[in-house]
Structures are given as C-alpha cells and as structure tokens.
Amino acid sequence: MIQVIRGAARGAVVLLATAALAACDNEIPTANGSDLFPGGEVPTTLLAEVTGTDLILREEVYEGFGNPRLAPFLIVANDFDGVFDAHALARFTDIPDSVTYTSAGTSRREEIGAYQGGRVLTQVDSLATFPRSTATLYLWELTQPWDSATVTWENASEQPGQETAWTTPGGSVGTLLDQAFWFPGDTAQKDTVTWELDSLAVVRLRSPDHPGVIVTSDQPGLRVKMSSLAFEGDARPAGRPDTVVPVRATEGPQTFIFTPEAPQSTAVLRTGGLTGDRSLLTLDLEQEVEACPAGGGACSMVPLSEVTLNRAQLVFEPVHVPGGYRPLAAPRVVLRSVAEPELGRFAPLGAVLATDTISPSAFAAGTDREFELDLTSAVLQFLAEQERARREGEEVETELSFALLADFEVPDLGLLWFQRSPTLRLVYTLPLNPSLP
Amino acid sequence: MTRAPFLSRRPVAGALLGVGLCVASPAWGQSLFSTGGLGLVADPQDARGSALGGIGLGLPGPEISWSNPAGAVGLPAAGLRVSFQLDGYDATFAGRGSTGSTARFPLILGAFPFGSRWAVTAGFGGMLDQNWRFEQLDTLVVGTDTVEVLDRVSSEGGVSRFRVGAGYRPFGSLSLGLGAELFTGGARRISGRIFPGQSAPACCSASWTYSGVGALGSIDWTPSEAVSVALAASAGGSLEAEVDTARSGDDAVGASYDLPVMVNAAASGRIAPNVLLTVGGDWAGWSTLNDALAEQGGARDSWSVQGGVEVELFQILGQPLPVRLGGRTERLPFRWAGDANEWADERALSGGTGLAFSGGAARVDLSVERGTRGSESAGLEESYWRMLFSATVLGR
C-alpha cells in the first residue's frame, strides 16, 4: 500500500514539474491605441540634418592607389559621351612553335609545320558596356612597335629620351584582320567575341618583330569593357600535316590607350577610376539635436547621446562625371574607418562602416538624385564607445574618420564623383521615462 | 505523539524547481484589467475551491489552504498542493478588440503537520498581475522613405508572495493560525518606438524589484461534523518598489504602496451525506491607495461573494466523483484606463470535479470557469475562460 501511495505521489509531482516547464510561455494582454498610453505620452521622432563646417572637419581627396597599366581589363571606346576614345593593344609572345598531341594512344611532341589559321578571342563585360546593343569591333595589325609601360594615345613610347609618337594618334593601324560582333544576351556566344585569322595572318603574328594587334570600333557612343585578348591557333604538326591541333597563347603585353585623361576637379569628392581615387572625411559627432515634445512645450537642444538614434544616413549628391569616365557597372560605395586620418593618403584603412550599391545612372548628365548611405550601426557603435569612455573616465572621442571608396565587382574605369560636404541625416526619438503608478 | 513523515525529497524538489521557475517570475497575463492601478489582483486558488465559486477556505476536514494555515492542523501527513491555470480572454473596448491566453502556476503550497495539534504551511502564490502592453502602429516619412513604426508601452512582471504559516489546535474543534508573508517579484516597463528590424524599443526601460513583509492570521472552527467555518485576514504593510539601477534609466524612481487589509471568510455545510454547500466572502481595503493611484483612476475597496455546491453522484475506482458548481460576484479595485470610466465588476460561474487516488493520498481536481469583467460604462468588457488543475499529494 505504501508503495502505491509513493508511486501516485511521485507520478503527480513529476507530471506537475513537466507541465510547469512546458507552460511558462505566455501572451501578454495587448491593447491597440495610443489613447491608452499612460499620460497620453507617445514617442516623438524627429529629423535633424547637419552639414558644412558644423559636421565636416576634414575632406581630402587622394589618387594614385591604382595603375591604369595594371588594369585587368581592356577598354574600347569610340566617342563615348561625345569625348572618350579607347583602343586595346596586345602582342602575343608565346604563340607555340611545337605542339603535343596523341596519336594511336601515344603522346607525341612535334614542331608545328604550319598554322591552318587561328582566332583572337575576348569576353565582353556586358554590365560595364554601353550601349547594351550589338557592337562592332575591329581587329587590326599594328604597324608600329609600342612600349607597354609608357604607351599613350599620342605616343607609342614615352621612354625618357626615346619618345615616339604614333603616326596616327590612337595607334598606327595596318591591315584589318577581321571584324566581329558582340551580341548582348546571345546564349550561344555568351559574350565572347571572336576574330578569325587566316594562316598568313598567324604567320605574321608569330614573327618576333610583329608589333601586335589593336582593337577599335567606329560605332559612335560605344564603350566596351572586355577581358584580355587570347590567341587560339589551328596548328598542323610537322610529322602529321593532316592533323589540326588547337593551341592557345595569352602571354604578352596588353593594355589600352585612351583620350582624354581622367578629369580632375577639386570641387568634388572622388573615388574609383583607373587611379583608385579615394576621399578621406572626418565628421564631428559631438552634435546636439533639437528636442521638441510632440504634445507641445519648450524645445531644447540635447546631446545626441541623450536621444535614441533610430537612423543615421550620410547623404551624398552624385555629380555628373565628364570625359566619358562615368561608371557603367553598378559599384558599391564603401566607407571604411580610418584610425589615423592625419596620415593622409597613407592612413591605413580599417573596418567597413557602411556600404551600399549606387546606380551608375546617378553619374550621368542631367540626373539629380541623392545617395543615402546608412551609417546607423557605425554611429550607434560610436556613441556606445563614447558612453563607455565617459563611464570609465577615459578621453571621449568625438570625431569619426573614414575613407570613401568605390568597390566594383570587377575593377573598372568608372569614376564616382560626389558634391563636397555630404549631409548627416539623423532620425531620433526623444526618451520617455517609464514609471510605476 | 507521532510525527508525520515528510514527502519523499527528490520528487518534491523536482516539483518545486519546475513550478518555482514559473511562479517565482510572475510572467502572467490574464486580463487587460491588469493595466489598471497596481494590476489585476490574483487570488491563489486550487481547483476545488474555484469550482465552488472561488472559495479558498472553510471546507470540511483538514485542508491545505493558502489563506488559512490553521486549516492544515490535523492533516495525516505532509502534503503538497500545486495549481496550474489556463486563461483565455476576449476583450472589447472603444470599438477595438483584444484576445489572449496564458498558462501559469498561481499556487504552490506545502503543509507539514507536527502531531495532531500543530502544522506548518509554506508556499508561493501570485498577488498582482502587471503584464500588459499598449501598442500603436504609425508611419513616419524620413526623407524619401516611408517607415512603419510601432509605438509600445509595456509592463511585465508582478507581485508574488512567499507565505509561511503555523496552525495550532488549542481545543478540539478550533484551530488558530498565524503567518508571515514576503512580497517578491518585480516589474519592467518599456516605453518607446520600434523601428523596422527591431523587436523592442531601443529606449527606454526601467525595472523595479518588489519587497515587503506582511502578516496573516486565521481561525478554523468545526462546530460539528457537518459544518466548517473559517476566517482569515492579512495585513500587508507596505510594498516597496526599488529601482534596479543596472536595468533602468537615470530618471527611474522607486515607489512605495501601503497594502490593504484583506479578509476572507467562508463556511461549508453538509446538508446530506453526499451534498456539501459552501458560501464565502472576501474583502480588501484597496481604497487606502486611492490617492496614490489617483492618476490611474484611483482605487476602491474590493469584495467578493462566492457560493457553491458539491454533490457526490458517481464513483470511479471505488472513489466518489463529485460534481461541483459555483458562482461568484466580485468588485474589482482598480479602473480601466483612468477615471473617465466607471468601476468594473467581475462575475463568474464555475464547475468541476475531482478524483482521489491511493486512499486519498493523492487527489487531482479540475475546474472550469466562465466569467465576465467590466462593462461598456467601465470602458472595457471582457469575457474569459479559465481552467484550473490542482494536484494534492500526501506523503507517508
């Protein structure tokens, strides 16, 4: 009997304990209506915008973080935005003299007796090409040697003491090798452009003294971004002239020449472009904001740290980029913290504070739009750090420094220009004081 | 004198741990009336008393009663009573509606007899439910963007009581009880605006911890085998709300409330071998807080009258299966949403049953209550369902 009683008792308490742990979740009775809020007090959210010298302590532009000759892409343009021209140059230095092939299950290496023909290929970056319609591209033989380290639109070489001008600015064009088309969206071609070469052209290109090829277009308003050129040849081994073996060559100098040079302006904040421009800004975050209760009453100015910051945006005004240097692909604008802004162009970059994608059309002529970069997390973190420093009696930092950078998915020619003195837009809510009855 | 053995420790410890997790942190929410005054006054009940209209003492024989430590005198063994409550409400106010449900443990109480003349009780019970939330959706225009925000004022928490009592039987049918109670719990209030991506307002909150002590006394009298009468009273002293500075803003202030005298009285009579009638009443002098709560609409004395009948019609496993019916009318002490509204009352009908096991060493009771609170003139009308399960175990 005692066992029965103990079993019942234990069973009951175990059931209750299980129910206890399972049933702790509750719904809080909720009523809708601000008329029910104690004292009729509803949160007040306000907007403040700060700009100019009230906000900007430092605003500097630096360039030279990139080298156009090391750009991992080529540009061909003709009268883009009415001014910009560019041609792509390439020289293939590794067109093979021998070939390896398999015959009757045996791998053999032989001299190349001849090339039946070949082709030059490239891949167009459709997102960074304008217009996105069929483009005609010409492949020519160059008639003049060029120096890959110093070649420009005007000069084939700018080596000190050996300056040699192109006989025709933009490259001395010889024989037209082929014309090819880029069809955007063509699923068979898949953005690949192919120029066919006959056997004689390949023979010429194999010559060590050959100056190489140049790609141009005569289509007005065109700017094409493409990958490096590659040579593909149809080689016939000396011992098996009836066999065609494909070979490939990509080695050799490649670059593009352009005119005009990238525009300069001291009136704007710059980032991106061939020289990897960046702007350095320092904001004064020791701001006071207006506190005007929604229900009326006197307004006052209170430190930013005494309100609830709901949103902080840095509002930029994009500026039309002249000279055909506006971006065509959508870049990301990135703000990266800078701990030692006094080092100027050598200031090391820190963590990403904010980033967002900007439409390239913002930099076209005739557009007038704002670009809002969300800085909420960064400013909240900054205020929290200020609060911690105050609490621990440390020196309180009031300045936030960062670099304004452009980040293209693939490095790009496009420059981003913004008006100086961006605006800090703050959305904040005045504090309430919860109390017991 | 023989000393009654205590409950086996391991299962009791498990039950106390599980139940304590819920009871010790009063996260309830039974009614929108919890927004008025100091909250919704919660009376720790067991399912048998609830089925009989809400009676909490004065039932025949020794009992484990929250209000009446004297009632535990004469228990054959140490016992534990735990109640588990499910609530669901449906409220309308000013053309708007609100529904909600909750589950909680309103009562956990142990009783430990020492011989036939002494007993000690100890347990947790709820007192004031302060869980509520007011919300309002709004739209802000920020620059060129439209932002949907949610304004929220919320309160979470409440007051619980830890109560210990001792009963003594100086005469054959009369027992006296004395006890003390410790007020515990806390409240957290948040007022602010929730922006997209947030789950709660970034500002502002304040937390308080409740403390205070009170005293209680009770008389339990069984003039005959058929009749039982009990009277209990408690005097609260003051409830102190101390600011939890680590979780509050600099402007948060504490509070102190003089808790009222509360009186419970009830009687039961067996008018036939299988029929028990009960009647009871409660009164609490909440009007002492009228001035302190003036901004919330003040406070008035509350009372409640309960009646019920228990009929043993059936048997299962050789044990009677009683049918219980009861009713209650009650005057609530606090108004809804300020003094523009009339005072509110509560009425309820209830029913239930119970079953004893192992010769009475364990008992499970169930009650179902359907009631209404408030009225149109009170600004809030609320109907509710409540189910209460109680388990009572006696150890050998």
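Reader: How do the residues of the lining of the second largest cavity divide into nonpolar, polar and charged?
Author: Six are nonpolar, seven polar and three charged. Keep in mind that this is a predicted model. Among the 16 lining residues, Pro44(B), Ile55(B), Gly56(B), Leu57(B) and Ser67(B) lie nearest the centre of that cavity.

Reader: Why is the space called a cavity and not a pocket?
Author: A 1.4 Å probe fits in a cavity but cannot get out, whereas a pocket is open. The search of the whole structure turns up ten cavities of 30 Å³ or more.

Reader: How do you know that the second largest cavity belongs in that search?
Author: Its volume is about 100 Å³, and the search takes in cavities of 30 Å³ or more. The largest cavity holds about 580 Å³ of space. Of its 38 lining residues, Val41(B), Ala42(B), Asp43(B), Asp282(B) and Glu330(B) are the closest to the centre. Strand S15 of chain B gives the largest share of that lining, four residues.

Reader: And what is the volume of the largest pocket?
Author: About 1000 Å³. It has 35 lining residues, and the closest to its centre are Ser305(A), Glu306(A), Pro431(A), Cys203(B) and Cys204(B). H3(A) gives the most to the lining, with four residues. By class, there are 21 nonpolar, eight polar and six charged residues in that lining.

Reader: Now the surface. Which residues form the nonpolar patch?
Author: Leu176(B), Ile219(B), Trp221(B), Val227(B), Val229(B) and Leu231(B), with about 450 Å² of accessible area together. S10(B) supplies the largest share of the patch, three residues.

Reader: Why is Ile219(B) called partly exposed?
Author: Look at the number: Ile219(B), in strand S9 of chain B, has a relative accessible area of 36%. Buried means under 20% and exposed means over 50%, so at 36% Ile219(B) is partly exposed.

Terms used. Residues numbered from 1 in each chain as written. Chains lettered and ligands numbered in written order. Predicted model: local features only at pLDDT ≥ 70, side-chain atom pairs only at ≥ 80, totals over all residues. Heavy atoms only, no water. 1 Å grid on protein atoms, 1.4 Å probe; cavity = no way out; pocket = protein on both sides within 12 Å on 5 of 7 lines; lining within 4 Å. Points joined across faces, edges and corners; volume = space filled by probe spheres on them. Helix = DSSP H or I, 4+ residues; strand = E, 2+ residues; numbered from the N terminus. Nonpolar A, V, L, I, M, F, W, Y, C, P; charged D, E, K, R; others polar. Patch = residues over 30% accessible without salt bridge, like charges linked within 9 Å, V, L, I, M, F, W, Y side chains within 5 Å. Areas by Shrake-Rupley, 256 points an atom, 1.4 Å probe, with all protein chains shown as cover. Salt bridge = Lys/Arg side-chain N within 4 Å of Asp/Glu carboxyl O. Buried < 20%, exposed > 50% of the residue type's maximum accessible area, 1.4 Å probe, protein only.
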